[in-house]
Amino acid sequence: MYSKIGNFIKANWSGTIKPPRNGDDEFITIPFPYTVPSIDDFFTEMYYWDTYFTNVGLILSDNVAQAKNNVDNMVYFINKYGFVPNASVVSSLDRSQPPFFSQMAREIFEITEDKAWLERDIYPAVIKEYDYWENKRSTPNGLNCYSTSTTDEGRLIECAAHLCRRFSLEMPEDKETQLEWGRNALAIFESGWDCSSRFGWNGHSIAPICLASLLYMLEKNAAYFAEILGKADDFKLWNERADKRQQKINKLLWDEQAGAFRDLNYVTGEQSSLLSVATFYPLWVKLATKEQADKIVKALSIFETEYGLACCENSDNLLNGQWDYPHGWAPQHYIAIKGLLNYGKKDDALRIAKKYAKLVASTFEETGNLWEKYNVVTGTVATKVEGHATSPTMMGWSAGVFLYCCDFLRKNGCI
């Protein structure tokens, strides 16, 4: 079955690659061929953080050229807008998504070793994206949050109404509450975890561990690039920034009693009471200590089921968001597996990879498709979430992470 799915992915990659397009009233300009998440018409745009995991699969499929096209498109976005939009549509220009660009670029560079491309295109774009997150998304405690750049009241009210429809909520009557809900909705959309009990209705008040980790990774990647380019002063500066961020993360987001990293409400100063699988991000970006990693591994049982990893712990207070328990997604499995490997937890990583690959295979055997998200408690395609009867079919990150898991398992004699 694994080889059958591999052949399915190989046959369908081309259906997710779209030609360059000029901008119009709905879509923004994309100068190079780009990938979309689906082979059907459900997703017709290029999405920011989805594309990182798609690139993982493209590289494993020996299509480095298209993976590089995706990165070059993001360079274009950063140079034009100062950030990578959530998606390649005009309506997404009021927000970004989790900043995976520097890691996408690094993984291409480590294959091509193209220093001219690194110096001309990548390094300046990394600096510009960093400035976006530091200048537009900083919090008083020195960490960062997801938010929105729009002040358009009509847009904010429209987003508030959208959130209400997704959760069958009554629209607030007073305008100020509507505007606040709209800002929260756009912050949640920027997080990529739309919607999740991690953020609830306070998305722009949260300093999340995933974003803090990704910005640490950006700083470390920038230091790596600077060293290659012979920029000694920059190398020193980026490492100092990363060290400073690591200290803040350990001070504000680590919960010693739980043995895990938590999100922080930077307005109230309180850590989230809900543990999420985002606690593995610090392992993926290598900012956790060995002692912290050992404790996080002990917390695996909170998220791990027979079929994989749930987005968060089970709780009576969940909103039934699509990024809540009992749902599992490709990116969280990839980050957890890679994070476990970074700290020598190979047996745990193999076990999680087996579960995810088996889940994808069993649902593919039944349906003939890959899917956006899964129910990791029942081992089925996720259904009846946020007003949707079922999940969309998916190539994108579901394909990329499946290929990664199979490659990892195959290299270790597990399949």
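Confidence in the protein chain is lowest in strand 14 (residues 388-390), with a mean pLDDT of 64, and highest in helix 8 (residues 209-228), at 99. Here pLDDT is the predictor's confidence in each residue, from 0 to 100, and helices (H or I, at least four residues) and strands (E, at least two) are DSSP runs numbered from the N terminus. This is a predicted model, in which local features need pLDDT of at least 70 and side-chain atom pairs count only at pLDDT 80 or more, while totals for chains, interfaces and linings use all residues. Residues are numbered from 1 along each chain as its sequence is written, and side-chain values use heavy atoms, with hydrogens and water left out.

**Confidence overall**
- The protein chain has a mean pLDDT of 96, and 99% of its residues reach 70 or more.

**Salt bridges**
- Welcome to the charged pairs: the structure holds 24 salt bridges, each a side-chain nitrogen of Lys or Arg within 4 Å of a carboxyl oxygen of Asp or Glu.
- Side chains of opposite charge can pair when their charged atoms come close.
- One of these bridges joins the side chains of Arg137 and Glu190 (2.8 Å, N to O). Arg137 sits in the loop between helix 5 (115-136) and helix 6 (153-166) and Glu190 in helix 7 (residues 175-191), so the pair ties together parts 53 residues apart in sequence.
- Arg137 and Glu190 are both buried, where buried means under 20% relative accessible area, exposed over 50%, and partly exposed in between (1.4 Å probe, protein chains only).
- Lys355 and Glu304 also meet through their side chains (2.7 Å, N to O). This pair links distant parts of the chain, with Lys355 in helix 14 (residues 346-367) and Glu304 in strand 8 (residues 304-305), 51 residues apart; both residues are buried.
- Lys290 is exposed, at a relative accessible area of 54%, whereas Asp294 is partly exposed, at 24%.
- A network of salt bridges links Asp94, Arg95, Arg155 and Glu158.

**A charged patch on the surface**
- Glu170, Glu173, Asp174 and Glu176 form a negative surface patch. Patches are made of residues with over 30% relative accessible area and no salt bridge, with like charges joined within 9 Å.
- Among its members, Glu173 lies in the loop between helix 6 and helix 7 and is exposed, with a relative accessible area of 79%.

Conventions:
Patches are made of residues with over 30% relative accessible area and no salt bridge: like charges are joined within 9 Å, nonpolar side chains (Val, Leu, Ile, Met, Phe, Trp, Tyr) within 5 Å. Accessible areas come from the Shrake-Rupley method with a 1.4 Å probe; for residues, only the protein chains shown count as cover. Lys and Arg count as positive and Asp and Glu as negative; His and the chain ends are not counted. The place of a charge is taken as NZ of Lys, CZ of Arg, CG of Asp or CD of Glu.
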